[in-house]
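Here is a protein chain to examine by definition and value. Each label below is set against its cut-off.

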Amino acid sequence: MNFSHPVFHSLSKLVVALCFLGLFANLNAASVGLATGSPKVSIPFYDERRATIAVDVAIENSSDQAETVFVEIVLKDADGNEVARAEAGLEVAAGAQRATAQWMNFKRPKVWTEENPYLYTAHTMVLRGTDVIDSSKSSFGVGSAAHSGE
């Protein structure tokens with residue numbers, strides 16, 4: 001096969017251009033997203049009837065313009081069933097960081113023990129319009145071993 005043919009030369013330029021554009025788009029998309037160490041999940045209260053979960057989310061905007069984003073947090077049990085949801089809109093100034101604290105309750109939590117290490121997952125998504133631009137999954141247990149504040 002002759003790779004010096006003009007068709008191959010044109011195709012290679014196109015591939016390089018598409019790779020560059022894809023990389024540039026990814027860098028641009030990453031200019032707004034979850035700050036390092038975010039989100040943080042805590043359990044301020046729980047008993048056999050309900051659990052209160054607090055998710056602190058910090059959004060960092062390293063771009064040169066203000067951005068409006070939407071933060072969505074979905075709590076799921078170990079079987080993947082949604083047990084709670086919270087949403088917030090944030091305006092983040094250029095070069096700044098903005099935080100939101102979302103509190104959610106759900107009924108009849110399964111308590112984490114050494115014998116039954118039951119874990120929930122907090123799915124945190126940062127959206128620009130309908131596009132997810134950053135996301136994170138944080139696993140946590142409800143129980144004295146995982147509970148801070150007591």
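**Labels and cut-offs**

From the N terminus, the order of elements is α-β-β-β-β-β-β-β-β. Helices (H or I, at least four residues) and strands (E, at least two) are DSSP runs, numbered from the N terminus. This is a predicted model, where local features need pLDDT of at least 70, side-chain atom pairs count only at pLDDT 80 or more, and totals for chains, interfaces and linings use all residues. Residues are numbered from 1 along each chain as its sequence is written, and side-chain values use heavy atoms, with hydrogens and water left out.

Q: Why is Glu-67 called buried?
A: Buried means under 20% relative accessible area, exposed over 50%, partly exposed in between (1.4 Å probe, protein chains only). Glu-67 has 12% relative accessibility, so Glu-67 counts as buried. Its place is in strand β4, residues 67-76.

Q: What makes Glu-67 and Arg-128 a salt bridge?
A: A salt bridge needs a side-chain nitrogen of Lys or Arg within 4 Å of a carboxyl oxygen of Asp or Glu. The closest N and O atoms of Arg-128 and Glu-67 are 3.2 Å apart, and the pair forms a salt bridge. Arg-128 lies in strand β7 and Glu-67 in strand β4, so the pair ties together parts that are 61 residues apart in sequence. Arg-128 is partly exposed, because its relative accessible area is 28%.

Q: Which side chain makes a polar contact with the side chain of Glu-67?
A: The side chain of Arg-128 does, at 3.2 Å. A polar contact is a pair of N or O atoms within 3.5 Å; within protein, one must be able to donate a hydrogen and the other to accept it, and residues adjacent in sequence count only if both atoms are side-chain atoms.

Q: How many salt bridges are there by this rule?
A: The count comes to four. One of them joins the side chains of Glu-72 and Arg-85, at 2.1 Å from N to O. This pair links distant parts of the chain: Glu-72 in strand β4 and Arg-85 in strand β5 (residues 82-92), 13 residues apart. Arg-85 also forms a salt bridge with Glu-82, with closest N and O atoms 2.8 Å apart. Shared partners join Glu-72, Glu-82 and Arg-85 into one network of salt bridges.

Q: Why is Thr-124 called buried?
A: Its relative accessible area is 0%, so Thr-124 is buried. Thr-124 sits in strand β7 (residues 120-128). Contact means heavy atoms within 4.5 Å. Not counting residues up to four places away in sequence, Thr-124 touches several residues, including Leu-34, Val-55, Val-71, Glu-72 and Ser-135.

Q: Why is Leu-119 called partly exposed?
A: Leu-119 has a relative accessible area of 39%, so the label is partly exposed. Leu-119 is in the loop between β6 (97-107) and β7. Leaving aside neighbours within four places in sequence, the contacts of Leu-119 include Trp-112 and Phe-140.

Q: How much of the protein chain counts as buried?
A: Of its 150 residues, 36% do.
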